[in-house]
Amino acid sequence: MEEVTEGHHFVLVHGAGHGAWCWFKLRCLLEASGHRVSCPDLASAGIHPADPNSILSIDEYDAPLFSIMSALPEHEKVILVGHSAGGLSVTHALHVFNNKIKVAIFVAATMLPWGYQTEEDIKDGVPDLSRFGDVYELKYNMGPNNPPTSVALRKEFQRKILYQLNPIEDSTLASMLLRPWPATLPSTRFHKVEGLEQARRVYIKTTHDNMVNPQQQDAMIRRWPPDEVLVMETDHSPFFSAPMELFKLVMKASHLRP
């Protein structure tokens with residue numbers, strides 16, 4: 001086991017609509033254990049100034065994460081943690097910065113090695129929220145005859161889909177901070193490269209997830225088996241509903257002591 005006094009570098013990547021703010025509990029726990037933590041706001045998320053309607057590619061969206069990865073010292077490797085659609089950004093980083101990633105941890109996250117290439121990828125990786133009704137607000141900044149440019153989850157559905165097991169204070173705060181996200185995310189595709197399997201991958205499954213349901217998580221795990229699967233009896237947002245348990249599992253996934 002590696003000693004926590006070595007101080008590892010964690011990079012925490014939020015999901016669609018969220019921002020660096022969603023990691024505040026996990027960040028405190030990691031930093032209190034002697035680790036360094038980076039929490040980028042991806043383009044148009046959190047306090048990033050971009051308009052989500054203007055983000056037309058995963059390259060633009062992930063630019064803040066890639067700035068962190070590009071600036072790493074030559075021999076430094078990070079532990080990359082992605083939540084929900086942040087799994088796409090983690091996978092993107094695996095394609096480009098594989099030699100800079102010690103462990104990639106997917107928390108209730110999209111885990112598709114090449115993005116959305118097939119109908120099966122869409123079935124497994126795009127949340128099916130039809131049982132809740134009309135949950136999305138769409139904007140069409142390129143005109144009504146073109147695809148939507150941004151997506152937002154209607155306020156009345158946010159708690160029941162994202163935070164149903166969260167403290168009410170956390171879901172209330174989240175509802176004040178959530179932003180629309182670029183509609184281009186479900187069309188993300190990656191070109192095949194060598195060395196994608198160099199970094200260790202761990203999936204943290206959330207069994208009461210109303211966004212990325214457990215069957216979808218199981219399908220992605222089955223199709224691209226990670227090195228380890230850990231399980232949480234939580235909703236889609238364990239960084240709020242079970243931060244200490246998430247911290248311990250992230251430490252376990254990283255082969256570190258809490």
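The protein contains ten helices and nine strands, where helices (H or I, at least four residues) and strands (E, at least two) are DSSP runs numbered from the N terminus. The radius of gyration is 17 Å, close to the 18 Å that the globule rule gives for 258 residues, so the protein is as compact as a globular protein of that length. This radius is taken over C-alpha atoms, and the rule is 2.2 Å times the number of residues to the power 0.38. The structure is a predicted model, in which local features need pLDDT of at least 70 and side-chain atom pairs count only at pLDDT 80 or more, whereas totals for chains, interfaces and linings use all residues. Residues are numbered from 1 along each chain as its sequence is written, and side-chain values use heavy atoms, with hydrogens and water left out.

The C-alpha trace spans about 55 × 40 × 35 Å along the principal axes of the protein. Among contacts (heavy atoms within 4.5 Å) with a separation of 6 or more, 72% are between residues 24 or more positions apart.

A series of parallel pairings links strands β3, β4, β8 and β9; two strands pair if DSSP finds at least two bridges between them. Strand β3 (residues 78–83) is joined to β4 by six bridges, and G82 stands opposite F106 in β4. Strand β4 (residues 101–107) is mostly covered, with six of its seven residues buried. Five bridges connect β4 with β8 in the parallel sense, with V107 opposite I204 in β8. In strand β8 (residues 200–206), seven of the seven residues are buried. Both of its faces are covered: R200, V202, I204 and T206 lie on one side, and R201, Y203 and K205 on the other. Strand β8 is in turn joined by five bridges to β9 (residues 228–232), where V231 faces K205 of β8.

A separate description applies to β5, β6 and β7. These three strands form an open sheet in the order β5-β6-β7 with antiparallel pairing. Its edge strands, β5 (136–139) and β7 (181–182), each pair on one side only. Four bridges join β5 to β6 (residues 150–153), and Y136 stands opposite L153 in β6.

Y136 also belongs to the lining of the largest pocket, where A16, Y136, V151, W181 and P186 lie nearest the centre among 41 lining residues. On a 1 Å grid over the protein atoms alone, a pocket is an open set of points where a 1.4 Å probe fits, with protein on both sides within 12 Å along at least five of seven lines; lining residues have an atom within 4 Å of a point. The volume of this pocket is about 710 Å³, computed as the space filled by probe spheres set on the points, which are joined across faces, edges and corners. Strands β5 and β6 and helix α6 (155–162) each supply at least two residues of the lining. By class, the lining has 25 nonpolar, twelve polar and four charged residues, with Ala, Val, Leu, Ile, Met, Phe, Trp, Tyr, Cys and Pro counted as nonpolar, Asp, Glu, Lys and Arg as charged, and the others, Gly among them, as polar.

L42 lies in the loop between β2 (36–38) and α2 (58–61). This residue is buried, with a relative accessible area of 0%. Not counting residues up to four places away in sequence, L42 touches V13, H14, H48, Y61, D62, P64, L65 and S89.

Terms used. Buried < 20%, exposed > 50% of the residue type's maximum accessible area, 1.4 Å probe, protein only.
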